[in-house]
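Reader: I would like to learn how to read a few local features in a protein model. Could you take me through them one by one?

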Amino acid sequence: MKQTMEDREIVALKAQLAQVEKENEMLKFKLLQHENILEGALDAVAIFDENMRFIDVNSAACHMFQLQKKELCKRNLYDFLSLIPSNQMRQVIDAIYHDDPVKKELIVKLDNGQVKFLEISLRKNAINGYDLAMIKDVSFKKMLERERTINEQLFKDLFHRAVDGIVIFDQKGDFIDANGSFCSSFEITKMQLNSFGLEDFIDEQEKYRLDNLWKMLKENGSAKGELPVILKNGSKRIFEFTTTSNIIDGFYMAIMRDITEKRSMEIQLYKSEERFREVFENAIDAIMIWDKHGQIMKVNQAASRTFELNEAELVLRNILDFVDQTSPSFLKVKKEYFNTGAIREELLFHMPNGQNKELEFTSKMDILDGHHLTIFRNVSERKRMEKILRESEHKFRSIFDGAMDGIILFNHSFEIIEANETAKKILNLKTEDIKSSRICDILFSHAHADSDSKTLESYEENIQEIMYTNENGDEIILEIALKNHINENMNLAVFRDVTEKRELEEQLRKSDTLNVVGELAAGIAHEIRNPMTALKGFIQLLEGSVKEDFSMYFNVITSELSRIESIITEFLILARPQAIQYSNKDIGTIVKETMELLNAQAILVNVQMKLNIEENLPLLFCEPNQLKQVFINVLKNAIEVMPGGGQIDVTVKRKNEDQLLISIRDRGSGISQDKIKRLGQPFYTTKERGTGLGLMVSYKIIEEHQGQVEVESEEGKGTTFHITLPLTQ
């Protein structure tokens, strides 16, 4: 019985074992089925424990996190949530575990740095106390949403900020919306937009354009073209448009650009091109366009005439065919041209008929499509004229510079253009001083500024003389003649220094006068001296026989006869050559002896003579008696001009190494400047009973001694005679 019970237990255990095995097989089948479902799921599936550690994942989850299953099951979800701030982490996890059926989004950062947006749905305690999570990668969706948002924002920015006008209108053409540029171009406000349509701005004659627009929109869904519009202020504008249909709820959108100015410029450009073509074809200068290889592309008619080939033949030639490519001048021009890209030069060009022409040309590189533009002008004739002109100018310059007379060229404003060397020498001025002055300021400073023209006109008729004072204060006499309008805005002044000539003429007149005076003096002295001798003899006889009561009369008669004899003696000095014996004498002694002779006469009229002689004066080579005569004449004149008395200062000193200076100063009434110039002339005197012969004789004596007399006088204060004598002859 015991055996039977054991057998029954064994059978029951076997049956239970078979049942368990069957259940295990079922479980394995279900597990395999679940694993297949899990692996085959498109979304990532993950099992988490209570600490969010991965317990199991499918292939999609491994692909999502880019880790092997073995590695991922060692990780925690928190490892991928580094982009979530720590203070928000708890809030995010609580939201995932919330019973709300709405799927939650997470942003994760993988080990390789990639960022993904995940949509997660979690069931708590779904499998043996573990949490089951379904995870979906929504990064692409997020990217599309973000791009759509950006595009919408960009469209809004483009719509409102676009320079071109953008307008949205319905199928009737009524405006729905527009940006600021459109409103500004059509001169309407945003508030007025809904009150207008396209037809309101189209002229009746242009309505067919609007009909074509609607037709193209219906057929093609888009349209392009130009549309003339009339604004409300009456001004006409031209708009270029691009239109698309059904962009928003069946509306149309047009991008419109104001091209009125562009069309105006195009018209102007066309007219400019026409003018250029006219200028190109009808230009007097030859114009040639050639490529980088020198091949002639286009020429005008003048080029055909210059190069003596018709246009058809000329465009078949190369520009280098007309020049000597080995000449140094061509190589120099070529180098400079390719260095600078532009040049203006002259070269010798060989014409097809064998003739050589010197052409001036201006060339510019890369004017259009790499082509070159060259403008030619035949300067052969100009060169010949320039040569003639240079030769003519050279002749003029030779005459101008070599002329013995001073020549000044000046314009109609009296500004000096040029002056030759003789003019500079005569006027004692430098080139810069002359060119910075006006001719009236230099030669006619005495004329009034507002009468310059009249002054010059008066000098144009005849040769006249003017007095010119240079910078040194020297006065010279200029003989001057003017010629107006010798060239365009050019006049001529020719002058010469005739000071020496006038002085010689003056000396010649004096010499003639002296000759006449000498001849007259000789005759008078001969005729008078004989009766004078008889008179003096009879006066002496009468004086001895007549009573003493008449002695005063005899004294007067004797004195007057002596004076007549003195005048006759002076006449004889002029009349016949004197035998002059020069010797070295002490000038101080000569002056002192002369003053002693006149001292008595000076005392009678209360005149004092004061002598000042410089020490160690050298001897003077002279004729002492003649010098005494000079000093007597000057001192007598000084005494006679001071009837009320006074002092005469006589100074003898050395003027320089070669000359002595004797100065005789009185305190008389003085002499005016015009009278000083006439002193020494025959018979000119300032005294009532004078003959003028005394000073004339004195001047002649000093002149024979190669000396000089200068008179300095101030009216009311006195006169000083400065006598300069050379030490040797």
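Reader: Let's start with charged pairs: which residue forms a salt bridge with glutamate 593?

Author: A salt bridge here is a side-chain nitrogen of Lys or Arg within 4 Å of a carboxyl oxygen of Asp or Glu. Glutamate 593 has lysine 628 as its partner, with the closest N and O atoms 2.7 Å apart. This pair links distant parts of the chain: glutamate 593 belongs to helix H19 (residues 587–604) and lysine 628 to helix H20 (residues 624–640), 35 residues apart. Helices (H or I, at least four residues) and strands (E, at least two) are DSSP runs, numbered from the N terminus. One note on the source: this is a predicted model, where local features need pLDDT of at least 70 and side-chain atom pairs count only at pLDDT 80 or more, while totals for chains, interfaces and linings use all residues. Residues are numbered from 1 along each chain as its sequence is written, and side-chain values use heavy atoms, with hydrogens and water left out.

Reader: Thanks! How many salt bridges does the rule give?

Author: The count comes to 23 salt bridges. Some share partners, and in this way Arg75, Asp79 and Asp111 are joined into one network.

Reader: Where do arginine 263 and glutamate 266 lie?

Author: Both are in helix H8 (residues 260–282), three residues apart, which is about one turn of the helix. For exposure, buried means under 20% relative accessible area, exposed over 50%, and partly exposed in between (1.4 Å probe, protein chains only). Arginine 263 counts as buried because its relative accessibility is 18%, whereas glutamate 266, at 35%, is partly exposed.

Reader: And how far apart are the closest N and O atoms of arginine 496 and glutamate 479?

Author: They are 4.0 Å apart in this salt bridge. Here too the pair links distant parts of the chain, with arginine 496 in strand E20 (residues 490–497) and glutamate 479 in strand E19 (residues 475–487), 17 residues apart. Arginine 496 has 38% relative accessibility, so it counts as partly exposed; glutamate 479 has 18%, so it counts as buried.

Reader: Now strands. How many bridges join strand E26 to strand E27?

Author: Two strands pair if DSSP finds at least two bridges between them. Strand E26 (residues 708–714) and strand E27 (residues 718–726) run antiparallel and are joined by seven.

Reader: Which loop holds asparagine 616, with its positive phi?

Author: Asparagine 616 sits between strand E22 (607–613) and strand E23 (620–622). Its phi is about 60°, although it is not a glycine. With a relative accessible area of 75%, asparagine 616 is exposed. Glutamate 308 also has a positive phi, near 60°, and lies in the loop between helix H9 (301–307) and helix H10 (311–314). Glutamate 308 is partly exposed, because its relative accessibility is 33%.

Reader: Last topic: which residues form a nonpolar patch on the surface?

Author: Patches are made of residues with over 30% relative accessible area and no salt bridge; like charges are joined within 9 Å, nonpolar side chains (Val, Leu, Ile, Met, Phe, Trp, Tyr) within 5 Å. Accessible areas come from the Shrake-Rupley method with a 1.4 Å probe; for residues, only the protein chains shown count as cover. Phe140, Met143 and Leu144 form such a patch, with about 310 Å² of accessible area together. Methionine 143 is found in helix H5 (residues 139–161) and is partly exposed at 40%.
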